[in-house]
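Open the model in your viewer and keep the selection tool at hand. The stops below say what to select and what is there.

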Amino acid sequence: MTWRDVDDYYTGLLLDEDPALDAALEANAEAGLPAIDVSPAQGKMLHLLARAIGARRILEVGTLGGYSTIWLARAVQPEGSVVTCEIDPHHARVAAANIARAGLADTVDVRVGPAVDTLAGLTGPFDLAFVDADKASNAEYFAHALRLSRPGGVIVVDNVVRGGRVVEEASTDAAVVGTRRFARALAAEERVDATVIQTVGSKGHDGFALAVVR
Ligand code: SAM
């Protein structure tokens, strides 16, 4: 697959060897977690975005094994912090071990439970929010991320293209329906400026929504 080859080419050129991230992916596989983390190139993009805006407080919805969390936490350490929400206690345990191995235990707070409940109990402001959990709830996660963001804050929502299926109006796929509901909320929201960029690569054809809070 050409997309994968190009990802490998640029990842080889632009990303350093990274034992902590490699160990996290190995631990995830050993623990039976699905390989649905962001790609290395996407993780570094999130990291660079956080650094570019001088982020100090980051919110993540959807931890899995903490792969993206590690990328984000490295952008804010040592003074900053990341709160990451995960519903599955097994995923959260694996993530906590991966995060500790990466030397980031003091930077990351893994909150276990349904993200809507965790989010309802949080106070802002956050500089950056990365939404990457169950896609059916993306509109709710976006609303919370917006409530918790500072002016000028950035909200990134992953997997908003779904191999192109997002354009299927009649879809009954909960992820597509949820993504379309989120897309309408994003379009109607006057407090943000937003765009969507499609991505291809080792994770297939998908895309990110990027919103900047006014
Ligand atoms: N951001 C991670 C990364 O790139 O390494 C990948 C996250 S994975 C795509 C989605 C995660 O969201 C899974 O671990 C899943 O258990 C979690 N999740 C699903 N529904 C959730 C919910 N209602 N509340 C919190 N987490 C949820």
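Select Glu 79 and Arg 56 and show their side chains, which meet in a salt bridge at 3.6 Å, N to O. The pair links distant parts of the chain, 23 residues apart. Glu 79 lies in the loop between α4 (67-76) and β2 (81-86), while Arg 56 lies in the loop between α3 (40-52) and β1 (57-61). Keep in mind that this is a predicted model.

Is Glu 79 buried or exposed? Its relative accessibility is 59%, so Glu 79 counts as exposed. Arg 56 has a relative accessible area of 40% and is therefore partly exposed. In general, side chains of opposite charge can pair when their charged atoms come close.

Select Asp 109 and Arg 111 next. Their side chains form a salt bridge with an N to O distance of 2.8 Å. Asp 109 is partly exposed, at 31% relative accessible area. Arg 111 also counts as partly exposed, at 32%.

Then select Asp 132 and Lys 135, whose side chains meet in a salt bridge of 2.9 Å, N to O. Asp 132 has a relative accessible area of 13% and is buried. Lys 135, at 10%, counts as buried because the cut-off for that word is under 20%.

Now turn to the surface. Select Asp 16, Glu 17, Asp 22, Glu 26 and Glu 30, which gather in a patch of negative charge. Glu 30 is found in helix α2, which covers residues 19-30. With 70% relative accessibility, Glu 30 counts as exposed.

For a surface patch of another kind, select Val 6, Tyr 9, Tyr 10, Leu 13 and Leu 14. These residues make a nonpolar surface patch of about 540 Å². Leu 13 sits in helix α1 (residues 2-14). Its relative accessibility is 53%, so Leu 13 counts as exposed, the cut-off being over 50%.

The last stop is His 91, in helix α5 (residues 89-101). The relative accessible area of His 91 is 15%, so this residue is buried. Which residues is His 91 in contact with, leaving aside its neighbours within four places in sequence? Select Leu 33, Pro 34, Leu 64, Gly 65 and Glu 86 to see these contacts of His 91.

Note on methods
Residues numbered from 1 in each chain as written. Predicted model: local features only at pLDDT ≥ 70, side-chain atom pairs only at ≥ 80, totals over all residues. Heavy atoms only, no water. Patch = residues over 30% accessible without salt bridge, like charges linked within 9 Å, V, L, I, M, F, W, Y side chains within 5 Å. Areas by Shrake-Rupley, 256 points an atom, 1.4 Å probe, with all protein chains shown as cover. Salt bridge = Lys/Arg side-chain N within 4 Å of Asp/Glu carboxyl O. Lys, Arg positive; Asp, Glu negative; His and termini not counted. Charge placed at Lys NZ, Arg CZ, Asp CG, Glu CD. Helix = DSSP H or I, 4+ residues; strand = E, 2+ residues; numbered from the N terminus. Buried < 20%, exposed > 50% of the residue type's maximum accessible area, 1.4 Å probe, protein only. Contact = heavy atoms within 4.5 Å.
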